[in-house]
Amino acid sequence: MTAVIDFTSYEESVPALLHLIQTETSLPQTGTIVIKPNLINDSPPPITTPAACCRALVDSIRSISTARVVIAEGCGQPGLDTPAVFDRLGYTDMAAGCGVQLVDLNTAQLVRMHNPECRIFPEIFLPQIAVNSYLISVPVLKAHSLAGITGALKNMIGLAPPAYYSGQSGTWKKAAFHCDVQQSIRELNSYKAPDLCIMDASVGMPEYHLGGAHCTPPLEVLVGGCDPWEVDRKGAELLGRDWTKIKHLQK
């Protein structure tokens, strides 16, 4: 089930969305739940996922699940490390306030996986904590210059360790995924796709993922569901884009 709910505040709208998509019965009660925001760099929201959104999600999860909750990300911009991004965007203070661990996926312990049906990544290295946990993708809705949109599926590129995927140029920590970004997103999510998606479309960026205009008027909705393809297709529609022409969203 994919749901769209009007945005009033994270404190009100996040738990309402979780209830609408019936997470009371789907969230695990044991193990680890990993919240994966989009913190591609240290730019403020809506380029990045607001700390307040993830704080509301942590609180909501804890009200219905006894599983351990962590927030994990691996930033992509050269010259920045993930702890610095956490600090600059308010995640360090937020995590301390609610007692949640922050995990740097760029330096986390890895697991090697294989899929001979993948053309670009028949072998891949991904953070063990993300692979072995219930994974929640929390993107902000934006257009993307290469991928069409960046949503719950493209947000998974943050899992990729720079030690293996910075590419030849070294200009971006996940650059290996940019050569054929549509197929790369499909293959990455064949290894590990989100179990749940909470998309922040309270603002929306219709032109470019690292800057540019905001949606006017703001979209003022949150989108949620357990099928990341359906969540992202709805996101594309909200941006006025035809998802059937975005390869990684095609059925």
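Q22 sits in the loop that links α1 (10-20) to α2 (23-26). Its phi is positive, at about 60°, although Q22 is not a glycine. These values come from a predicted model.

E220 is another non-glycine residue with a positive phi, here about 55°. E220 belongs to the loop between β10 and β11. With a relative accessible area of 45%, E220 counts as partly exposed.

## Cis peptide bonds

The loop that holds E220 also contains P217, between β10 (196-205) and β11 (221-225). The peptide bond from T216 to P217 is cis. Its omega is near -5°.

A cis bond also joins P45 to P46, with omega near 10°. P46 is placed in the loop between β2 (32-37) and α3 (51-64).

## Overall fold

The chain has 9 helices and 11 strands. Its C-alpha trace spans about 45 × 40 × 35 Å along the principal axes. The radius of gyration is 17 Å. A compact globule of 251 residues would have a value near 18 Å, so the chain agrees with that expectation.

Of the 251 residues, 57% are buried. Take the contacts between residues at least 6 apart: 70% of them join residues at least 24 apart.

## Largest pocket

The largest pocket has a volume of about 260 Å³. Its lining is made up of 21 residues. Nearest the pocket centre lie I40, H144, K154, W172 and H178.

What is the make-up of the lining by nonpolar, polar and charged residues? The lining of the largest pocket has 6 nonpolar, 10 polar and 5 charged residues.

## Cysteines

How many disulfides does a search of the whole structure find? The count is 0. C53 is in no disulfide, and the nearest cysteine sulfur, that of C54, is 5.4 Å away.

C98 is in no disulfide either. For C98 too, the nearest cysteine sulfur is that of C54, at 9.8 Å. C98 has a relative accessible area of 10%, so this cysteine counts as buried.

How values were computed:
Residues numbered from 1 in each chain as written. Predicted model: local features only at pLDDT ≥ 70, side-chain atom pairs only at ≥ 80, totals over all residues. Heavy atoms only, no water. 1 Å grid on protein atoms, 1.4 Å probe; cavity = no way out; pocket = protein on both sides within 12 Å on 5 of 7 lines; lining within 4 Å. Points joined across faces, edges and corners; volume = space filled by probe spheres on them. Nonpolar A, V, L, I, M, F, W, Y, C, P; charged D, E, K, R; others polar. Disulfide = S-S within 2.5 Å. Buried < 20%, exposed > 50% of the residue type's maximum accessible area, 1.4 Å probe, protein only. Helix = DSSP H or I, 4+ residues; strand = E, 2+ residues; numbered from the N terminus. Rg over C-alpha atoms; globule rule 2.2 N^0.38 Å. Contact = heavy atoms within 4.5 Å.
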